[in-house]
Amino acid sequence: MEEPEPQVPQLVVASEQPAAEEGLQVARAVRDARRERGLSQRQLAGRMQVPRTYISKIENGKAMPTLSSLSRLAAALEIDICDLVRDARSRRSEEALTVLGDPFLAEIAPYVAQLDAFQRSVFLNQVRDLATGRRRTA
């Protein structure tokens, strides 16, 4: 009786993230700005005088707005058009600056960077408990 040939597992290579993930994130910027202002897609579409489905397609990355549409989006969201076309790196930098603008976080940041993974986990759990008002008993 012959033994069957061993099967070699096939590697499934996930497709790389599209360049847009690290580049322009117009869809995310539009969605985030709309949500920050408490607007529904329908309300934003009404301000722009376009169908709600157009806003949905932009936010889902299925449609890329033209420059004139970006201008109208920015006006409807009451933001600068630059906020809609920033790349991921500048967005992360701005978020980091915002976080470090908090005096407490700015003070502890240098110490947290020196902790190993376990120490960081314990520390974050303690901070979480303090923030939620829970007390630990020893």
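Mentor: Axes are lines fitted to C-alpha atoms, for helices over the stretch in contact, and angles run from 0 to 180 degrees between N-to-C directions. Helices (H or I, at least four residues) are DSSP runs, numbered from the N terminus. This is a predicted model, in which local features need pLDDT of at least 70, side-chain atom pairs count only at pLDDT 80 or more, and totals for chains, interfaces and linings use all residues. Residues are numbered from 1 along each chain as its sequence is written, and side-chain values use heavy atoms, with hydrogens and water left out.

Consider helix H2 (residues 26-36) and helix H5 (residues 67-77), whose axes lie 10 Å apart and pack at an angle of about 20°. H2 is therefore roughly parallel to H5, a term for angles under 35 degrees. H2 passes H5 in a left-handed crossing, meaning that the near helix is turned anticlockwise from the far one by less than a right angle. Val-26, Val-30, Ala-33 and Arg-34 of H2 make the contact with Leu-70, Leu-73 and Leu-77 of H5, where contact means heavy atoms within 4.5 Å. These residues divide into six nonpolar, no polar and one charged; Ala, Val and Leu are among those counted as nonpolar, and Arg is among the charged.

In H3, Gln-41, Arg-42, Leu-44, Ala-45 and Met-48 meet Arg-52, Ile-55, Ser-56 and Glu-59 in H4. The residues of this contact divide into four nonpolar, two polar and three charged.

Key: Helix = DSSP H or I, 4+ residues; strand = E, 2+ residues; numbered from the N terminus. Parallel < 35°, antiparallel > 145°, perpendicular 65-115°, else oblique.
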